[in-house]
Amino acid sequence: MLLERTRELAVIRRSLDGARGGRGALVTVSGPFGSGRSALLGELARRTSPSEALVLRAEGARSESDVPFGVARRMLHGLHRGTAPPAGATEESEALRLRDVLLRLADAMPVLLLIDDLRWVDANSLRWLALIGEKLADARVVIVAVTPHSADAAAHSPLLKEFLGAATERVALRPLSPDGISAMAGEFLGEPERELIRACAEVSGGRPLFLAALLRGLRRTRWPPRPEDVRALRPAEIGTHAVRALAELPQAEREIATALAVVGPRTDGGLLFTMAELTAEDGTAALGALKSVGLLDSGPVPRFAHDAIGEAVAHSLDTATMPWHARAAQALHAAGRPPEEVAGHVLAAGDPPGGWQIEVLREAARTALADKNPGLARKYLLRALLGSAQQSGGRAELLVDLARAELASTPVSSLRRLMQALPGLATPAQRARELVRIPVLACELPPSGLTTQLADAAAGLGDPALLEGSARETALALDARLRVTHLRHARYFTETVRAFRLEGIPRDVRSAPARDRAAVLSYAGMLAGKDSGTVAALARRVVLAELPTADDLRTAVPLAVRAMLAADLFDQVDTWLASTAVATLQANGGRMPDTLLADAERAFALARRGRHTEAALMAARTLEHADAEFAPVTGRCCEALALVIAGGDPPAVAGDALARYRAQDNALLAPWLGHVVDGMLALLAGDNSVALDHILEAGREHELMGWTNPAVLPWRSWAAQLQYRIGRPDLAHDLIAREYEQAVAWGAPSVVGRSLRVWADVTKGEGGIELALRAVDGLNASADRVAMVKAQLLLGVQLFAPSHAGTVEHLPRNEQLPQPSETDRAGDRPGSRPTAASDAALTPSERRIALLVAAGKGNQTIATELRISLRAVEKHLTKVYRKLGVAGRTQLMEMAPPIDGENENGMAV
């Protein structure tokens with residue numbers, strides 16, 4: 001659509017009317033880029049009917065600018081005979097002949113010549129037009145020609161200047177008015193809001209080409225469009241036309257435009273002149289030319305008329321942009337621009353940097369890190385490394401910076417970079433400063449050389465107790481990390497456990513290093529499996545010292561949380577995990593490594609609580625997104641999945657996730673955990689013997705390290721159930737008896753209760769009933785309600801069995817049944833019931849009545865079926881409730897499972 005061009009069209013129409021009376025005219029059309037010059041010619045051709053005039057239209061083309069009479073012959077093609085020049089004709093004679101051909105056509109009816117882009121009209125055709133122009137006073141011909149911009153060198157050619165000098169009318173196209181912009185917007189968008197129209201006016205500058213391209217783009221965006229959508233659009237149509245227009249300009253203008261496209265808008269002219277290698281005079285003239293053409297904004301600061309133009313010019317350069325970026329970097333650096341402005345061009349230049357360029361990249365990376373943009377910092381530092389000398393101190397510092405940049409996104413790579421950097425750092429203080437940045441959990445499976453580096457740094461500082469201030473804080477942080485690397489070495493582990501017992505609960509854990517060290521000591525105490533009360537108290541002191549933050553995941557606090565979990569502080573662990581997840585989301589939007597760390601700990605906590613489906617789904621999802629070598633995440637997920645599989649009837653996702661991870665070439669697991677994973681996969685495959693071998697080997701690894709707490713790895717429970725399943729009950733009893741002793745030594749009710757439940761599971765007859773009762777009693781004091789339900793179900797299986805293999809009198813307490821400990825002694829707790837053997841076995845009558853109740857039958861129905869009185873049924877039920885420790889028939893029905901039911905793996909957690 002053509003808007004607000006009525007005046008211009010009227011000027012041309014008047015000239016055409018004059019031509020009908022025998023007086024021709026030459027009308028020139030000018031205007032900035034995008035003003036609609038070609039559109040005006042097209043509208044004029046459309047509005048001129050064949051009865052009014054013969055319309056001949058041609059457009060100058062660069063590819064035909066050297067073809068003699070190319071434009072003239074195209075316009076006259078098919079309108080007369082003998083298009084070929086006669087033999088011996090000269091250029092001048094041919095121009096005269098073709099002029100006469102056109103004038104004869106005009107004798108028959110007026111002729112309207114429309115010529116777009118005179119710049120590329122060949123010289124012979126231009127001479128032909130000039131000859132026609134000389135006859136316009138008495139010829140019925142109107143020539144309408146789009147003139148080149150004054151900045152175009154072609155506009156100053158003598159022949160073109162002579163031709164344009166004969167113009168009878170000059171039409172200059174102006175930008176659309178606000179009303180015109182509103183009208184065009186209405187045609188495209190219906191009834192747009194005023195703010196949207198204002199935005200269109202601001203961005204387009206009233207140029208029809210810009211406005212139409214923007215409005216077409218808006219129709220493809222969200223509906224209704226908003227002002228910010230207008231500003232965000234970069235229509236390719238504008239850029240394509242701009243690049244074409246730029247190609248017609250002299251080299252100086254093209255160089256300035258290229259420089260501006262490379263360095264971006266709002267750059268001072270002097271910098272552009274330097275990049276384009278122009279003098280100030282030539283550069284200023286080129287800028288003026290670009291403004292007059294309309295490719296640049298008319299303001300004082302050089303800027304493209306639309307951002308789409310700059311992008312199109314930059315894209316048109318392709319590989320040629322590399323030397324331009326090198327020029328930009330050099331010019332910006334020499335002008336003292338900030339490193340972050342220079343670095344992007346150093347990055348795009350392609351060549352390995354050196355000297356000042358490396359320093360610029362490094363400084364820009366530090367700025368990016370401060371702005372919380374580690375991805376950009378990483379790009380700068382990787383490029384800087386390409387130009388740094390091997391084994392140099394500068395390279396080591398670059399690697400340190402790169403390790404910091406990668407820590408949040410790729411911690412495995414970050415640790416590798418730091419290990420490469422440490423030998424090149426100049427002083428022990430520098431090395432110590434970087435070592436304490438390592439996440440504590442990353443030290444559980446330390447890379448080669450880390451333990452030595454930590455030990456050397458710690459030895460250089462000395463005993464933290466003898467230091468003060470920052471030196472003491474650094475020494476404590478090093479000590480915590482060193483102790484974590486030594487957890488798998490029995491001698492050093494024993495020393496850490498000794499430190500835990502000697503130091504007790506510190507009064508002040510407010511500083512991060514002090515918290516880290518206390519957390520590590522509580523974790524070591526938990527692994528050793530002694531005194532859950534002291535461990536829990538220390539761990540709670542650590543966890544509650546500060547509000548949870550995302551940064552806690554890189555400290556030793558998660559180790560204290562693990563200790564609390566082993567000590568049955570489930571609710572407090574859940575609170576910390578939930579708070580940390582929220583803090584992580586708020587701090588970094590759920591950045592992947594931090595989120596994975598939190599999710600891995602949550603998955604294990606869910607598995608420990610018996611919520612196996614939730615645990616399996618979370619662990620599987622976390623494993624899928626984690627780096628296979630990021631052991632703090634992958635190891636914890638594998639532990640969670642192992643607990644799920646060992647618990648029996650695992651969801652399919654658990655085995656699938658574990659198998660996929662184990663199959664990865666770079667899967668990184670501690671040796672003991674590798675055996676656990678292989679054992680669980682064998683268990684799923686039905687190979688109990690192979691599963692048993694792996695689990696026993698995992699247990700042997702734990703024993704060698706000194707990790708004796710069954711809350712960490714209940715390997716004896718698992719092995720006992722497998723031994724029992726393959727027909728070795730004596731070995732099963734030995735294993736579980738030892739685990740029970742360790743559970744009692746640890747003292748957490750859930751751990752004691754679970755070991756009793758497994759013992760009951762591998763013990764027949766009245767002995768199994770006694771153990772199941774004791775398991776229920778022990779778990780009553782635990783917050784692990786899932787384990788409690790499992791114990792009740794097992795008790796139901798034992799009690800409702802049709803017969804028992806023996807009686808409790810045949811099992812001496814000092815040999816085959818554990819004596820009640822302080823943890824599982826029911827009589828020591830208010831409201832608990834006794835567990836004497838006389839209460840354990842139901843009589844046949846009581847068993848029959850219990851089974852009928854479990855089947856959902858009422859007391860009267862049972863009395864009728866058994867042919868006894870209602871009073872007798874009620875008395876028997878009272879005894880059943882007392883012996884089973886249930887409150888009524890509803891609980892009795894819930895705890896009565898199918899007698900022949902058995903989970904397919906034959907294992908329980």
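## Overall form

A residue counts as buried under 20% relative accessible area, as exposed over 50%, and as partly exposed in between. With those terms set, the structure can be described from the whole chain down to single residues. The model is a predicted one.

The protein chain holds 44 helices and five strands. Its C-alpha atoms fill a box of roughly 140 × 80 × 50 Å along the principal axes. The radius of gyration is 44 Å, whereas a compact globule of 909 residues would have one near 29 Å. Of the 909 residues, 53% are buried. Among contacts between residues at least 6 apart in sequence, 70% join residues at least 24 apart.

## The sheet

The five strands of the sheet are arranged in the order β2-β3-β4-β1-β5, and the sheet is open, with parallel pairing. Strands β2 (54-59) and β5 (169-172) lie at the edges, each pairing on one side only. On average, neighbouring strands of this sheet are turned by 15° against each other, direction ignored. In general, strands of a sheet pair through backbone hydrogen bonds, in a parallel or an antiparallel way.

Strand β1 (residues 25-30) runs parallel to β5 and is joined to it by four bridges. Opposite Arg170 in β5 stands Thr28.

## Salt bridges within helices

Side chains of opposite charge can pair when their charged atoms come close. Here a salt bridge requires a side-chain nitrogen of Lys or Arg within 4 Å of a carboxyl oxygen of Asp or Glu. By this rule the model has 51 salt bridges. Three of the pairs described below lie within a helix, one each in α4, α35 and α37.

In helix α4 (residues 91-108), Arg97 and Glu94 are three residues apart, which separates them by about one helical turn. Their closest N and O atoms are 2.8 Å apart, and the two form a salt bridge. Arg97 is partly exposed, at 22% relative accessibility, whereas Glu94 is buried, with a relative accessible area of 2%.

Helix α35 (residues 688-705) holds the pair Glu697 and Arg700, again three residues apart and separated by about one helical turn. The closest N and O atoms of this salt bridge are 2.7 Å apart. Glu697 has a relative accessible area of 23% and is partly exposed. Arg700 has 41% relative accessibility; this value is between the limits of 20% and 50%, so Arg700 counts as partly exposed.

In helix α37 (residues 729-746), Glu741 and Arg738 are three residues apart, or about one helical turn. They form a salt bridge in which the closest N and O atoms are 3.2 Å apart. Both ends are partly exposed: Glu741 has 48% relative accessibility and Arg738 has 36%.

Glu739 is another residue of helix α37. It is buried yet has no salt bridge, and the nearest side chain of opposite charge, that of Arg716, is 5.8 Å away. The distance of 5.8 Å to Arg716 can be set against the 4 Å limit for a salt bridge. Leaving aside residues up to four places away in sequence, Glu739 touches Pro710, Pro714, Trp715, Arg716, Ser717 and Ser755.

## Residues in loops

Most residues other than glycine have a negative phi. Glu277 is not a glycine, but its phi is positive, at about 60°. This residue is in the loop between α13 (269-276) and α14 (280-293). Glu277 is exposed, with a relative accessible area of 61%.

Asp531 also has a positive phi, of about 65°, although it is not a glycine. The loop that holds Asp531 is between α26 (512-528) and α27 (532-544). At 40% relative accessibility, Asp531 is partly exposed.

Gly686 is placed in the loop between α34 (671-684) and α35. Gly686 is exposed, at a relative accessible area of 55%. From Gly686 to Lys883 there are 197 residues in sequence and 37 Å in space, C-alpha to C-alpha.

How values were computed:
Residues are numbered from 1 along each chain as its sequence is written. Side-chain values use heavy atoms; hydrogens and water are left out. Helices (H or I, at least four residues) and strands (E, at least two) are DSSP runs, numbered from the N terminus. Buried means under 20% relative accessible area, exposed over 50%, partly exposed in between (1.4 Å probe, protein chains only). Lys and Arg count as positive and Asp and Glu as negative; His and the chain ends are not counted. Contact means heavy atoms within 4.5 Å. Two strands pair if DSSP finds at least two bridges between them. Axes are lines fitted to C-alpha atoms, for helices over the stretch in contact, and angles run from 0 to 180 degrees between N-to-C directions. The radius of gyration is taken over C-alpha atoms; the globule rule is 2.2 Å times the number of residues to the power 0.38.
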